[in-house]
Amino acid sequence: MDEKNVKCPQCGKIITCTGNPGEIVNVTCPSCNTLGKVTFDRVISIENAAIEVHNLRKEYGDLIAVNNISFAVRKGEVFAFLGPNGAGKTTTVEMIESIRETTNGEIKIFDKVIKTSFDEVKELIGILPQEFHSFERLTVRETLEFFSKLFKRRANIDDILTGMDLEDQKDKLYMNLSGGLKQRVGVAIALVNNPEIVFLDEPTTGLDPKARREVWEFIANLRNQGKTVFLTTHYMEEAEYLADHIAIIHKGNIIAEGTLDELINKYGQGTILHVRNCKDRNASNILKENDFDVSISGDSDLAIKIDNKERVLEILSLLRHECIEYDSIDIRRSNLEEVFLHLTGARLSEEI
Amino acid sequence: MRLEIIIASFISDLKTFVRSKGTLFWTLLFPVMLILIFGAIFSGMDETEIEIQVLDLDNSQFSYQLLDVFNETGLIEVIKAEISTEDKVLSYIQDNDLKRFLVIPHGYGETLIPPVDPNASVNLTFYYDQSEQNSNQIIRNVISNVIQSMNMGFAGGSNVIGIDDVKTISGDFGFIDFFLPGMIGFTIMQTCIYGSLERNTKFRKDGILRKLLTTPITRSEWIFSKMLFQLFLSFLSAILIIIIGILIFGLNINITFLMIVIVIATSFLFTGMGMVIGRFVKDEESASMAGGAVTFPMMFLAGTFFELEMMPEFLQTFARILPLYYVNEGLRNAMIYLKTEDAIYHSLIVLIFAAVFFIGGILLTKWRED
C-alpha cells in the first residue's frame, strides 16, 4: 500500500489517502464532501531493466487503447505480451518502438528516454513489425545486406543465415518463400545489427503449426544468445513455451503479470493430480489428514492440488500404503487459458 | 546524409526494377509500343494518295512519260510546281509547307534517247521533310521502283537514271515530332506517380516504412535515394524513347539543357504528386485507382497524343491547368522546335509545379503512425 497526500480542489484541505500502485481510488474530502479520484502511479523499477514503461497511455478520440500501463523487461529475458486481438499489444509495442505517438507516459530503453534519445537506441534494437513483408524481388541475402547497411553496428550476414537456418534459401527471392520462411527472414532482418533487444510483434500469426514451432525454436535461440526478446502474441502456447515473464493485456490494461508459474499458481488451479474411480470412499479423508488439498469430482474421482513435485510421490506411496484401489492417475497443470478465463470471464481463444 | 545508405537503396531499387517484368513493360516497352503504333498510324494517315509537286525542267516526252508512270501507280498524285527554276526550290517548299518535292533536270530526255550510253547518268532530285518519315519512305520506294523499270527499259539495266536525296528544313513538324516529347512526359508521369504510390501504400501495408523508422536511415536519405532512382528511370525511358525516335522515325532531336531541366523537374513533380495521392489512400487497390484517375485524363487532355487545338474550348482551358501540358510543351520546344523562349517559360511553370507538389508531398507523407 502506498500513501499519498492530495489537496482538495474546493477547500484546499490536505487529504491522506492510501492505495496500491496502478490503482485509482475514490476520495471524499472530510471537510467539504467534494468527491474526487486519486491515481497511484504504477512505478515499476527493476535492476538490469532493458525496457521500462511508466503510465503509458494511448487515446484515439474517446477510445482508450492503452490505459496507463507500466511494466519493465529484464535484460536477457523473453517477455511475452499476451492478449487477444484489439487488446492494445501492437499499439503498446509500436509506442515503445517509437513508430506510434504516445498520448502520455514515459518509455526508457537501456535507461534512455526514447522520446528524446530514440536515435541513440536504434542501433541497439531489432524489430519485426506485425505482418511484415520485405522487398519482394530481393533475395534473402540481398535483403539482409540492404538492412545491414542501414546500421553502423553490423552482424555477420553469414552467421545470421546459419543461425536462422536460411543458408539454402539465401539466393531465393523473398516473394518465392513460404510464410514460415518469410517470418524467419523477418526475424533475421531484425538481427542484422546484432541488437540487444529484439521486438517481435506477432511473429507466428498466420503460420501453420509446424512453421510456428520452427519460429519458436529460433526465438528460443535468441534468448540462449543473451538477447532480450519482447514478444507480442495472442497464442497462449507461444507465451507458455517461450516466455520467462508474461504480461496479460486486456482492453488496454495489464490485468496480470509474472512468470508462468506465478500466474498459474495465483490465478489458475495450479497442478492437479486426478485419481480416477477411486474404490475407497475414505480416501479423501486419509489424504486430507495428510495435509493434501483434496476435492471430490463426480462419484469417485479425486482432485488433489500439487504445489511441488515431491508431493506426487507422497500421494502415490500413501495410496499404496493404505491399499486404496483406483483405475488411473493423471496430472494436469493449469494453463494460461484458465488464467485468462479466471481474470476476464472469457476464453482467450474465443476473443481472438 | 550517408552515401552508403543511398547507394544501397538505389541498388536494391535497381534489382527490384530489373526483376519485375510488369514494371519493365510499363516503364520501357509500353511507351516504345505506343510510339511505334501511334507513329505508324498517324505519320502517314493524312494522305491516302500521296501528293508530290514536280518541277519538270526537262519538259520532254520522256519526262512526261515518267510522270504518267508515277500517276499510274495509284500511290502518287503528281502536281506541277508553280516555279520554273531549281534555285528557288527550297524557299518554294518552305513557303508552301511541302513535305516532298521532285525535280527532273534538264537533259533527262536527251540522256534516254537511243542508243543510250550505259555510262551516262542523269539524277532526279528528291526533296523531303524528315518529320513525314512514313509517307516519304513510300514515295521514295515508288520513285526508286519506277526508275529501276526505266533503267531496264531504256538502258538494259544500267543505272543511267538515279536519285539525289535532299532533306528539307520545314517549319511544320510531323505527328511523331509532336508525339515523342509527349511520350517522354507521359512515361515520366506514369513511372513517378506509380513508383511513389507503391512506396507510400505497399511499403506502408507491408510494414517496410515502420521497419525503416526503427533503423538509422533518415527520412531525407530515404526520399533522396528514391528520387535518385526515379531520376535514373526518367532519363532511361527518355533516352530509350529518343533512340526509337531517331532510329525508327529519323527524328532530328536536340538534347538541350532545358530538356534536361524539364526531365528532372518532371520527375520531382510527379513523384511529389504520387506522395500527395498516397497520403489520402490506404491500400494498393485504391492507390492504383487514384493513380489512374489522375494520370488517365491528364494523358488525353494535356496534349500528349494530339494538339490542344483539336479539343473543345472548355477542355483546352482545363488542359492549361494540367502540369503535364507544360511538360509536353516544354519538351517539344526544347527538343524539337528549338523555341528557347517558350521552352524557358514552360520550364519555369514545370519547376513551380514541381516545387509545390514535391514539398507538399514531403510535408504530407508521414512515416510515424498517429
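**View 1. Helix α5 of chain A, end to end.** In this predicted model, helix α5 of chain A covers residues 179–190, 12 residues in total. From its first C-alpha to its last it reaches 17 Å, close to the 16 Å expected at 1.5 Å a residue (the expected span is 1.5 Å times one less than the number of residues). Helices here are DSSP runs of H or I with at least four residues, strands are E runs of at least two, and both are numbered from the N terminus. Residues count from 1 along each chain as its sequence is written, and chains are lettered from A in the order written. Local features need pLDDT of at least 70, side-chain atom pairs count only at pLDDT 80 or more, and totals for chains, interfaces and linings use all residues.

View 2. Because 9 of its 12 residues are buried, α5(A) is largely enclosed by the rest of the structure. Buried means 20 or more other C-beta atoms, placed from the backbone, within 10 Å of the residue's own. Among the buried ones are Leu181(A), Arg184(A) and Ile189(A). They pack against β10 (125–128), α3 (140–149), α4 (157–163), β11 (197–201) and α6 (209–224) of chain A.

**View 3. Where chain A meets chain B.** Here 25 residues of chain A are in contact with 21 of chain B, contact being C-beta atoms, placed from the backbone, within 7 Å. On chain A's side, β10 and α3 each give two or more residues, and α3(A) has the largest share with 4. The model scores ipTM 0.77 and pTM 0.69.

Key:
Contact = placed C-beta atoms within 7 Å.
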